[in-house]
Amino acid sequence: MSISKEVKRVTVHTLRQMKEAGEKIAMLTAYDYSMARILDEAGIEVLLVGDSASNVMAGHETTLPITLDEMIYHASSVVRAINKALVVVDLPFGTYQGNSKNALDSAIRIMKESGAHGVKLEGGLEIKESIIRILSAGVPVMGHLGLTPQSIYKFGTYTVRAKEEMEAERLLSDAILLEELGCFSIVLEKIPAPLAAKVAQTVSIPIIGIGAGDQVDGQVLVTHDMLGITKDFKPRFLRRYRDLYEDIYNASKEYLRDVKSKDFPNQSEQY
Ligand code: KIV
(Lines give C-alpha, C1' and ligand atoms only; values in the text may rest on other atoms or scores of the structure.)
Protein backbone atom coordinates (compact mmCIF):
# COMPACT_ATOMS: atom_id res chain seq x y z
CA MET A 1 0.00 0.00 0.00
CA SER A 2 1.34 3.46 -0.83
CA ILE A 3 2.21 5.86 2.00
CA SER A 4 -0.30 8.49 0.93
CA LYS A 5 -3.11 5.88 1.15
CA GLU A 6 -2.13 4.59 4.60
CA VAL A 7 -2.94 7.86 6.35
CA LYS A 8 -6.17 9.78 6.19
CA ARG A 9 -4.89 13.31 5.79
CA VAL A 10 -1.81 14.22 3.79
CA THR A 11 0.58 16.33 5.87
CA VAL A 12 3.99 17.80 5.23
CA HIS A 13 5.38 14.71 7.01
CA THR A 14 3.57 12.40 4.59
CA LEU A 15 5.32 14.14 1.71
CA ARG A 16 8.71 13.65 3.36
CA GLN A 17 7.93 9.94 3.92
CA MET A 18 6.88 9.63 0.28
CA LYS A 19 10.20 11.06 -0.86
CA GLU A 20 12.07 8.67 1.41
CA ALA A 21 10.07 5.72 0.08
CA GLY A 22 10.55 6.83 -3.53
CA GLU A 23 6.81 7.35 -4.02
CA LYS A 24 6.07 10.22 -6.39
CA ILE A 25 3.89 13.10 -5.21
CA ALA A 26 1.01 14.35 -7.39
CA MET A 27 0.07 18.01 -7.06
CA LEU A 28 -2.47 20.00 -9.10
CA THR A 29 -3.83 23.51 -8.84
CA ALA A 30 -7.34 24.17 -7.54
CA TYR A 31 -9.21 27.42 -7.15
CA ASP A 32 -12.82 26.45 -6.46
CA TYR A 33 -14.95 24.04 -4.42
CA SER A 34 -16.30 21.81 -7.20
CA MET A 35 -12.97 21.11 -8.89
CA ALA A 36 -11.14 20.68 -5.56
CA ARG A 37 -13.68 18.08 -4.50
CA ILE A 38 -13.04 15.99 -7.61
CA LEU A 39 -9.25 16.27 -7.32
CA ASP A 40 -9.31 15.37 -3.62
CA GLU A 41 -11.57 12.36 -4.22
CA ALA A 42 -9.28 11.24 -7.04
CA GLY A 43 -6.44 11.10 -4.51
CA ILE A 44 -4.27 14.03 -5.61
CA GLU A 45 -2.04 14.52 -2.58
CA VAL A 46 -1.42 18.28 -2.74
CA LEU A 47 -3.79 20.96 -4.02
CA LEU A 48 -2.07 24.23 -4.82
CA VAL A 49 -4.21 27.34 -4.75
CA GLY A 50 -1.82 28.92 -7.21
CA ASP A 51 -1.68 32.57 -8.12
CA SER A 52 -2.14 31.17 -11.64
CA ALA A 53 -5.78 31.86 -10.64
CA SER A 54 -4.91 35.35 -11.85
CA ASN A 55 -4.53 33.89 -15.38
CA VAL A 56 -6.98 31.01 -15.59
CA MET A 57 -9.76 32.28 -13.34
CA ALA A 58 -9.55 36.06 -13.73
CA GLY A 59 -8.11 36.35 -17.25
CA HIS A 60 -5.12 38.55 -16.39
CA GLU A 61 -2.02 38.29 -18.54
CA THR A 62 0.29 37.75 -15.54
CA THR A 63 0.03 36.55 -11.94
CA LEU A 64 0.82 40.00 -10.58
CA PRO A 65 -2.66 41.56 -10.23
CA ILE A 66 -4.28 38.94 -7.97
CA THR A 67 -4.84 40.20 -4.42
CA LEU A 68 -4.54 38.58 -1.00
CA ASP A 69 -8.33 38.84 -0.53
CA GLU A 70 -8.90 37.05 -3.83
CA MET A 71 -6.41 34.30 -2.92
CA ILE A 72 -8.17 33.84 0.43
CA TYR A 73 -11.52 33.55 -1.37
CA HIS A 74 -10.16 30.82 -3.68
CA ALA A 75 -8.34 29.04 -0.83
CA SER A 76 -11.35 28.89 1.47
CA SER A 77 -13.48 27.44 -1.36
CA VAL A 78 -10.85 24.72 -1.88
CA VAL A 79 -10.47 23.97 1.83
CA ARG A 80 -14.25 23.46 2.19
CA ALA A 81 -14.04 20.72 -0.47
CA ILE A 82 -11.22 18.54 0.75
CA ASN A 83 -11.08 15.53 3.05
CA LYS A 84 -7.54 14.42 2.56
CA ALA A 85 -5.32 16.61 0.41
CA LEU A 86 -2.77 19.09 1.74
CA VAL A 87 -3.77 22.60 0.65
CA VAL A 88 -0.95 25.05 -0.11
CA VAL A 89 -1.66 28.66 -1.07
CA ASP A 90 0.52 31.06 -3.05
CA LEU A 91 1.31 34.32 -1.33
CA PRO A 92 0.50 36.81 -4.09
CA PHE A 93 2.89 39.38 -5.52
CA GLY A 94 3.51 42.32 -3.20
CA THR A 95 2.46 40.60 0.01
CA TYR A 96 5.82 39.22 1.19
CA GLN A 97 8.77 40.67 -0.77
CA GLY A 98 11.01 43.10 1.07
CA ASN A 99 9.10 43.25 4.33
CA SER A 100 9.05 40.22 6.60
CA LYS A 101 6.36 41.68 8.89
CA ASN A 102 4.12 42.11 5.88
CA ALA A 103 4.95 38.52 4.85
CA LEU A 104 3.98 37.15 8.25
CA ASP A 105 0.73 39.16 8.29
CA SER A 106 -0.15 37.84 4.80
CA ALA A 107 0.60 34.22 5.74
CA ILE A 108 -1.40 34.50 8.95
CA ARG A 109 -4.40 35.93 7.10
CA ILE A 110 -4.29 33.01 4.66
CA MET A 111 -4.03 30.40 7.42
CA LYS A 112 -6.70 31.98 9.65
CA GLU A 113 -9.24 33.02 7.02
CA SER A 114 -9.00 30.05 4.62
CA GLY A 115 -8.00 27.12 6.83
CA ALA A 116 -5.22 26.12 4.40
CA HIS A 117 -2.22 24.09 5.55
CA GLY A 118 0.74 26.06 4.21
CA VAL A 119 1.92 28.83 1.91
CA LYS A 120 4.19 29.01 -1.12
CA LEU A 121 6.60 31.88 -1.85
CA GLU A 122 8.69 32.53 -4.96
CA GLY A 123 12.42 33.13 -4.48
CA GLY A 124 15.51 32.18 -2.46
CA LEU A 125 18.08 34.27 -0.61
CA GLU A 126 16.30 37.55 -1.39
CA ILE A 127 13.21 36.51 0.63
CA LYS A 128 15.09 34.74 3.43
CA GLU A 129 13.82 37.07 6.19
CA SER A 130 10.19 36.62 5.12
CA ILE A 131 10.55 32.84 5.13
CA ILE A 132 12.18 32.82 8.58
CA ARG A 133 9.44 34.99 10.03
CA ILE A 134 6.59 32.94 8.55
CA LEU A 135 8.17 29.69 9.72
CA SER A 136 8.65 31.13 13.20
CA ALA A 137 4.86 31.40 13.47
CA GLY A 138 4.54 27.68 12.72
CA VAL A 139 3.28 28.12 9.17
CA PRO A 140 4.65 25.48 6.76
CA VAL A 141 6.42 27.05 3.77
CA MET A 142 6.91 25.65 0.28
CA GLY A 143 9.61 27.34 -1.82
CA HIS A 144 9.47 28.04 -5.57
CA LEU A 145 12.63 28.42 -7.69
CA GLY A 146 13.51 28.49 -11.38
CA LEU A 147 10.88 30.24 -13.46
CA THR A 148 9.13 32.49 -10.95
CA PRO A 149 6.20 34.11 -12.78
CA GLN A 150 5.87 36.95 -10.26
CA SER A 151 9.27 38.22 -11.57
CA ILE A 152 8.25 38.12 -15.22
CA TYR A 153 9.03 41.80 -15.78
CA LYS A 154 12.57 41.29 -14.47
CA PHE A 155 13.27 38.43 -16.91
CA GLY A 156 11.00 39.47 -19.77
CA THR A 157 10.24 35.92 -20.95
CA TYR A 158 8.86 32.59 -19.75
CA THR A 159 11.80 30.62 -21.21
CA VAL A 160 13.72 27.83 -19.46
CA ARG A 161 15.71 29.15 -16.47
CA ALA A 162 19.14 28.26 -15.01
CA LYS A 163 20.69 27.04 -18.27
CA GLU A 164 23.87 28.98 -17.52
CA GLU A 165 26.28 27.66 -14.89
CA MET A 166 26.13 30.70 -12.62
CA GLU A 167 22.34 30.72 -12.47
CA ALA A 168 22.31 26.94 -11.92
CA GLU A 169 24.76 27.27 -9.01
CA ARG A 170 22.65 30.04 -7.49
CA LEU A 171 19.53 27.89 -7.82
CA LEU A 172 21.21 24.94 -6.11
CA SER A 173 22.45 27.12 -3.24
CA ASP A 174 18.99 28.70 -2.90
CA ALA A 175 17.45 25.19 -2.66
CA ILE A 176 19.95 24.23 0.06
CA LEU A 177 19.16 27.48 1.89
CA LEU A 178 15.40 26.84 1.71
CA GLU A 179 15.90 23.41 3.23
CA GLU A 180 18.15 24.82 5.98
CA LEU A 181 15.58 27.50 6.80
CA GLY A 182 12.95 24.80 7.28
CA CYS A 183 10.81 24.82 4.10
CA PHE A 184 8.94 21.52 3.75
CA SER A 185 9.17 21.29 -0.05
CA ILE A 186 10.24 23.24 -3.14
CA VAL A 187 8.62 23.69 -6.54
CA LEU A 188 11.13 23.85 -9.41
CA GLU A 189 9.65 25.40 -12.52
CA LYS A 190 10.99 25.11 -16.06
CA ILE A 191 14.66 24.29 -15.51
CA PRO A 192 16.91 21.67 -17.17
CA ALA A 193 16.10 18.14 -15.97
CA PRO A 194 19.71 17.30 -14.91
CA LEU A 195 19.82 20.37 -12.65
CA ALA A 196 16.45 19.47 -11.09
CA ALA A 197 17.70 15.91 -10.52
CA LYS A 198 20.80 17.29 -8.79
CA VAL A 199 18.68 19.46 -6.50
CA ALA A 200 16.37 16.53 -5.65
CA GLN A 201 19.40 14.38 -4.76
CA THR A 202 21.09 17.13 -2.74
CA VAL A 203 18.22 18.13 -0.45
CA SER A 204 16.07 15.80 1.67
CA ILE A 205 12.84 17.79 1.30
CA PRO A 206 10.51 16.83 -1.59
CA ILE A 207 11.11 18.60 -4.90
CA ILE A 208 7.99 19.04 -7.01
CA GLY A 209 8.67 19.81 -10.65
CA ILE A 210 6.80 21.57 -13.44
CA GLY A 211 8.88 21.36 -16.58
CA ALA A 212 11.77 20.05 -14.46
CA GLY A 213 12.04 16.49 -15.73
CA ASP A 214 11.37 13.06 -14.29
CA GLN A 215 14.08 12.80 -11.63
CA VAL A 216 12.30 14.90 -9.01
CA ASP A 217 10.02 13.75 -6.18
CA GLY A 218 6.69 14.85 -7.63
CA GLN A 219 4.95 16.74 -10.40
CA VAL A 220 2.58 19.69 -10.53
CA LEU A 221 0.48 21.02 -13.40
CA VAL A 222 -2.11 23.74 -13.68
CA THR A 223 -5.37 21.77 -13.74
CA HIS A 224 -6.96 23.91 -16.46
CA ASP A 225 -3.93 23.21 -18.69
CA MET A 226 -3.83 19.46 -18.16
CA LEU A 227 -7.59 19.19 -18.72
CA GLY A 228 -7.33 21.18 -21.95
CA ILE A 229 -9.61 24.00 -20.75
CA THR A 230 -6.94 26.55 -21.61
CA LYS A 231 -6.47 26.36 -25.34
CA ASP A 232 -3.44 28.24 -26.55
CA PHE A 233 -0.90 27.42 -23.81
CA LYS A 234 1.24 24.60 -25.20
CA PRO A 235 4.63 24.37 -23.49
CA ARG A 236 6.68 21.22 -24.11
CA PHE A 237 6.32 20.07 -20.49
CA LEU A 238 2.51 20.02 -20.57
CA ARG A 239 0.66 16.73 -21.03
CA ARG A 240 -3.00 17.31 -21.85
CA TYR A 241 -5.16 14.50 -20.44
CA ARG A 242 -8.43 15.76 -21.93
CA ASP A 243 -9.71 18.35 -24.37
CA LEU A 244 -12.35 19.89 -22.12
CA TYR A 245 -12.40 23.10 -24.16
CA GLU A 246 -13.83 21.05 -27.02
CA ASP A 247 -16.18 19.08 -24.73
CA ILE A 248 -17.57 22.18 -23.00
CA TYR A 249 -17.86 24.01 -26.33
CA ASN A 250 -19.81 21.12 -27.89
CA ALA A 251 -22.07 20.68 -24.84
CA SER A 252 -22.86 24.42 -24.89
CA LYS A 253 -23.69 24.23 -28.61
CA GLU A 254 -26.03 21.27 -27.98
CA TYR A 255 -27.76 23.14 -25.13
CA LEU A 256 -28.13 26.23 -27.33
CA ARG A 257 -29.64 24.11 -30.09
CA ASP A 258 -32.07 22.38 -27.68
CA VAL A 259 -33.27 25.65 -26.11
CA LYS A 260 -33.78 27.31 -29.49
CA SER A 261 -35.58 24.27 -30.92
CA LYS A 262 -37.73 23.98 -27.74
CA ASP A 263 -36.46 20.42 -27.26
CA PHE A 264 -35.32 21.41 -23.74
CA PRO A 265 -37.04 21.08 -21.33
CA ASN A 266 -39.14 18.06 -22.31
CA GLN A 267 -42.15 16.71 -20.32
CA SER A 268 -40.03 14.70 -17.90
CA GLU A 269 -37.84 17.71 -17.17
CA GLN A 270 -40.59 19.88 -15.70
CA TYR A 271 -43.01 19.95 -12.71
O1 KIV B 1 0.54 29.42 -9.50
C2 KIV B 1 0.75 28.27 -9.88
O3 KIV B 1 -0.10 27.60 -10.45
C4 KIV B 1 2.07 27.71 -9.63
C5 KIV B 1 2.39 26.40 -10.29
C6 KIV B 1 2.63 26.59 -11.72
C7 KIV B 1 3.49 25.69 -9.62
O8 KIV B 1 2.86 28.27 -8.94
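The legends below accompany views of a predicted model of one protein chain.

**View 1. Overall fold of the protein chain, built from 12 helices and 8 strands.** The radius of gyration is 20 Å, close to the 18 Å that the globule rule gives for 271 residues, so the chain is as compact as a globular protein of that length.

**View 2. Surface and charged side chains of the protein chain.** The accessible surface comes to about 14100 Å², with 53% of that area belonging to carbon and sulfur atoms, while buried residues make up 49% of the 271 residues. The chain carries 31 positive and 36 negative side chains, and the centres of these two sets lie 1 Å apart.

**View 3. The largest nonpolar core, with its 60 residues.** The members that touch the most other members are Leu 47, Val 119, Leu 121, Ile 134, Leu 188 and Val 199. Helix H5, residues 68-81, gives the most to this core, contributing 7 residues. In soluble globular proteins, nonpolar side chains tend to be buried together.

**View 4. Surroundings of Leu 188.** Leaving aside residues up to four places away in sequence, Leu 188 touches Leu 145, Leu 171, Ala 196, Val 199, Ile 207, Ile 208, Gly 209, Ile 210 and Ala 212. Among these partners, Ile 208 and Ile 210 are included in a second, separate core of 17 residues, which also includes Ile 3 and Phe 184, whereas Leu 188 and Val 199 belong to the largest core.

Terms used: Residues numbered from 1 in each chain as written. Predicted model: local features only at pLDDT ≥ 70, side-chain atom pairs only at ≥ 80, totals over all residues. Heavy atoms only, no water. Helix = DSSP H or I, 4+ residues; strand = E, 2+ residues; numbered from the N terminus. Rg over C-alpha atoms; globule rule 2.2 N^0.38 Å. Buried < 20%, exposed > 50% of the residue type's maximum accessible area, 1.4 Å probe, protein only. Areas by Shrake-Rupley, 256 points an atom, 1.4 Å probe, with all protein chains shown as cover. Lys, Arg positive; Asp, Glu negative; His and termini not counted. Charge placed at Lys NZ, Arg CZ, Asp CG, Glu CD. Core = buried A, V, L, I, M, F, W, Y, C linked by side-chain atoms within 4.5 Å. Contact = heavy atoms within 4.5 Å.
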